[in-house]
Amino acid sequence: MLMPSPNLFAEEERGNRRQKLGDPLVGLIKHVDFVPLAAAVDAALPRPSRDKGGRPPYPTVLMIKILVLQQLYNLADDALEYQLLDRRSFLLFLGLIDSSKIPDAKTIWLFRDRLAQAGVGAQRFDNVQQQLQVQGYVARCGQIIDASLVHAPVQRNKREEAEVVKQSIMPITWKAEKRAQKDVDAKWTKKHGKNHFGYKLHASVDKRYKIIRKMVVSDAAVADTLVFEELLDRSNTSLDVYADRGYPSAQREATLKQAGWRVHIQRKGTAQKSISGAQKRRNRRIATPRARVEHVFGALAHMGGKLVRCIGIVRTTFALSLKAATYNLKRLVYLKEAGVTAF
């Protein structure tokens with residue numbers, strides 16, 4: 001069997017095929033300005049000083065792009081380092097096609113953890129929101145509020161240790177090495193008869209563009225309804241608010257209506273009294289627009305957003321903020337490429 005003959009234009013032809021298949025990195029290069037995102041990070045967390053010498057840090061814009069790649073393709077640090085060395089499309093996206101200086105896994109971890117400990121995640125999410133608004137994609141047509149469980153590695157603790165951990169406190173007998181591997185912020189909860197350990201991502205998504213506008217991260221035991229008001233996006237051009245049957249409250253609805261909101265929260269029956277036929281029809285009318293938030297959580301799950309590898313709510317909040325910001329950038333590229341105009 002004869003091998004294909006060499007082709008001087010092979011790389012160009014492969015690149016053209018990738019673009020036709022819809023390489024998301026091409027769209028990110030075309031539609032996203034990473035410079036102001038990096039500038040905002042530098043303003044909040046100045047680059048390390050070189051007064052004592054040492055290797056200069058990698059440009060912040062490069063490291064921000066690397067974190068976007070990591071979230072977009074759900075790669076661990078070691079796997080990301082390998083892909084940066086091996087994958088040409090990644091190098092083109094980063095502008096490193098002719099460079100041998102590629103950040104290693106430890107450098108990536110240190111940069112990400114430095115941002116997490118400084119609380120830059122929420123700010124970076126807001127910076128992406130600003131870029132969306134500059135391009136005209138403001139929140140429109142109402143908002144949908146929902147929450148999704150995010151699993152964390154299950155902790156195996158002794159009975160007496162577990163009682164202390166339930167209070168989000170580390171037992172004093174734990175050594176530093178053990179403390180670094182234990183998550184005392186994640187909690188257990190039960191949903192549909194199954195136990196889950198980890199956190200919750202609460203989000204408000206605009207109905208028009210399916211972009212995450214506001215988010216809150218909590219442990220899994222926090223009831224969805226407790227953070228409802230915190231998620232309300234008052235910048236949305238519409239006062240319509242959609243939510244599933246996990247959020248009903250007569251007092252809440254009365255307060256929202258008094259404030260001018262148009263409330264579309266599905267009704268829920270009780271063991272003693274089921275909902276009426278009219279309420280069932282109302283639930284069905286709400287179900288179609290409300291389902292748009294499930295598309296968002298599905299996209300986050302595809303990007304690895306249903307599981308966190310980090311420990312503690314500080315790092316988890318940063319990781320999920322970064323995941324949501326990356327989803328929004330990916331969504332921006334889709335809207336641009338699909339010709340969905342901002343109006």
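**View 1. Lining of the largest cavity, with α14 as the main contributor.** Helix α14 (292-302) gives 3 residues, the largest share of the lining. The model is predicted: local features need pLDDT of at least 70 and side-chain atom pairs pLDDT 80 or more, while totals for chains, interfaces and linings use all residues. Residues are numbered from 1 along each chain as its sequence is written, and side-chain values use heavy atoms, without hydrogens or water. A cavity is a set of points on a 1 Å grid over the protein atoms alone where a 1.4 Å probe fits but cannot get out; lining residues have an atom within 4 Å of a point. Helices are DSSP runs of H or I, at least four residues, and strands are runs of E, at least two, numbered from the N terminus. The largest cavity holds about 30 Å³, its volume being the space filled by probe spheres set on the points. Ser 148, Val 150, Leu 201, Phe 297, Leu 300, Ala 301, Gly 305 and Lys 306 form the lining.

**View 2. The buried face of helix α5 (77-86).** Asp 77, Leu 80, Gln 83 and Leu 84 are buried (under 20% relative accessible area, 1.4 Å probe, protein chains only; exposed is over 50%). These residues line one face of α5, because they fall within an arc of 120° seen down the helix axis, taken from the directions from the axis to the C-beta atoms. Asp 78, Tyr 82 and Leu 85, on the other side, are exposed.

**View 3. Surroundings of Leu 84.** Beyond four places in sequence, Leu 84 is in contact with residues including Ile 66, Phe 90 and Ile 108 (heavy atoms within 4.5 Å).

Methods
1 Å grid on protein atoms, 1.4 Å probe; cavity = no way out; pocket = protein on both sides within 12 Å on 5 of 7 lines; lining within 4 Å.
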